[in-house]
Amino acid sequence: MTFPVIGVVGGGQLARMMAPAAVALGFHLHVLAEAEDVSAVDAVAQSPVGDYQDLDTLRAFARGVDVLTFDHEHVPNEHLQTLIAEGVNVQPRPDALVNAQDKLVMRAAIEKLGLPNPLWAAVASVAEITAFGDSNGWPVVLKMPRGGYDGKGVKVLRSDAEAAGAADWFDAMSPLLVEEMVPFSRELSALVARTPSGEARAWPVAESIQVAGVCDEVIAPAPGLPASVAEQAQSAALRIASELGVTGVMAAELFETPGRGAGYLINELAMRPHNTGHWTMDGAVTGQFEQHLRAVLDLPLGSTAALGSIVVMKNFLGGSNQDLFSGYRAALAAEPTVKVHSYGKSVRPGRKIGHVNVIGSPDDDVAAVRARATTVANIIRDGQ
Ligand SMILES: Nc1ncnc2c1ncn2[C@@H]1O[C@H](COP(=O)(O)OP(=O)(O)O)[C@@H](O)[C@H]1O
Ligand SMILES: [Mg+2]
């Protein structure tokens, strides 16, 4: 067999969406699935079920793969170090990945690089949160440094009384991360990919709209973003990737802060394909899933140029309708240019179950493209 085998730890929608790219290029994709019914299982030929926290399970899965990569950031870092010591090609490597696994490590790394952080501190008690809030202003944002996603593990504290109410957060882990509540104008995403040899490319910076801590919609390129901010954000993300030794796709989530510092602050890093990059599947010459596979295999990267003047990605989250296919006829009829990506997941309220991409034409305005994407996503979610 001359084509490489890529092993992905985790069988969520990100692993699932790597599959078409792997098929197109002739690569073999294996997934270590959390359960028999997770999103990626239908899309790949081999998907053994096993616990990604268990070293022997990881060892067995890694046997015979050319490269091991990830659908999520929750694999214990020390297991990855062991696998590398045993000769497994892990991409990204654990010393880079730790910056996406631990927000305190990430904040310190961003500070060391001299890139723009919000005000932050490591806190080990309610008294330390209160001291931070009193000196930097309330509200503050308290974060679990590890294990959070989609806003789980993030809490806004408006006063010292609310800080006292968060005392039980220290039961889960300590220290925690506290940050100023950034008065941002919007959230941005600087998406890049880098190979082990050091080739790197950046996609256009996108705007991401979060609802209740969950990515809801992405507009690329970010409308009206000053070119200087876009360039600085891209070069910051490329610099982070290169200095931290990141391989594969990395998303730098940013806050736009017009008039303050460089015009943006860094929120967090993700080292894998990211929801804010789903627009690239249909909206860029090379989508993030293909690019991730190329990058972890140390192959030359593809062009990141956008295919339209405006590209909108809209997620659909689980609602009360269980039969997603029931809306397809109406959804596809409503918008012939739409691209639907459904994750094959059972419907639960608030769960990410799919997204749509719409590529605008040059005479479309942003609001019209957004409205078209939202219409289709809502029809599928609601079944009508
Ligand atoms: N310091 C902050 N100031 C203002 N809003 C924040 C801050 N940190 C996080 N948020 C909001 O909470 C969301 C989730 O926080 P994030 O750190 O990205 O956690 P997660 O790992 O769950 O994505 C962000 O996308 C943003 O909307
Ligand atoms: Mg985030």
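Let's start with Pro 92. Its place is in the loop between α3 (77–85) and α4 (94–101). Helices here are DSSP runs of H or I with at least four residues, strands are E runs with at least two, and both are numbered from the N terminus. The peptide bond from Gln 91 to Pro 92 is cis, with omega near 0°.

A word on the source. This is a predicted model: local features need pLDDT of at least 70, side-chain atom pairs count only at pLDDT 80 or more, and totals for chains, interfaces and linings use all residues. Residues are numbered from 1 along each chain as its sequence is written, and chains are lettered from A and ligands numbered from 1 in the order in which they are written.

Back to the backbone. Ala 220 and Pro 221 are also joined by a cis peptide bond, with omega about -10°. Look for Pro 221 in the loop between β11 and α9 (227–244). Next, Ala 212. This residue sits in the loop between β10 and β11.

Now the overall layout. The chain is divided into domain 1 (5–90), domain 2 (119–180) and domain 3 (186–382). Those bounds come from an automatic or database domain assignment. Between the C-alpha centres of domain 2 and domain 3 there are 29 Å.

On to the sheets. Strands of a sheet pair through backbone hydrogen bonds, either parallel or antiparallel. Two strands count as a pair if DSSP finds at least two bridges between them.

Take the three-stranded sheet. This sheet is open, has the order β2-β1-β3, and pairs in parallel. At the edges are β2 (28–32) and β3 (67–70), and each pairs on one side only. Neighbouring strands are turned by 30° against each other on average, direction ignored. For angles, axes are lines fitted to C-alpha atoms, for helices over the stretch in contact, and the values run from 0 to 180 degrees between N-to-C directions. Strand β1 (residues 5–9) is joined to β3 by four bridges. Find Val 8, and its bridge partner in β3 is Thr 69.

Now a sheet of four strands. This one is open too, with the order β4-β7-β5-β6 and antiparallel pairing. β4 (120–123) and β6 (154–157) stand at the edges with a single partner strand each, so one side of each has no neighbour in the sheet. The twist averages 25° from one strand to the next. β5 and β6 pair over four bridges, in the antiparallel sense. Val 141 has Val 156 in β6 as its bridge partner.

What lies across β4, β5 and β7 (176–180)? Helix α5 (residues 103–112) does, running at about 50° to β7.

Further along we reach β8. Strand β8 (residues 186–194) and strand β10 (residues 206–211) pair in the antiparallel sense over three bridges. Glu 187 stands opposite Ser 208 in β10. β10 also pairs with strand β11 (residues 214–220), antiparallel, over five bridges. There, Ser 208 has Val 218 as its bridge partner in β11. β10 and β11 form a hairpin with two residues between them, and Ala 212 is in the turn.

Next, a pair of helices. Two packed helices are described by the angle between their axes and the distance between the axes. The axes of helix α1 (residues 13–25) and helix α11 (residues 288–296) come within 8 Å and cross at roughly 65°. Which residues meet? From α1, Met 17, Met 18, Ala 21, Ala 22 and Leu 25 meet Phe 289, Glu 290, His 292 and Leu 293 of α11. Contact means C-beta atoms, placed from the backbone, within 7 Å. By class, this contact has seven nonpolar, one polar and one charged residues. Ala, Val, Leu, Ile, Met, Phe, Trp, Tyr, Cys and Pro count as nonpolar, Asp, Glu, Lys and Arg as charged, and the others, Gly among them, as polar.

Last stop, ligand 1. Of the 18 residues around ligand 1, Val 141, Val 154, Glu 179, Val 182 and Gln 210 come nearest. Being near means that the C-beta atom, placed from the backbone, lies within 6 Å. The shell divides into six nonpolar, six polar and six charged residues. Domain 2 and domain 3 each give at least three.

How values were computed:
Contact = placed C-beta atoms within 7 Å.
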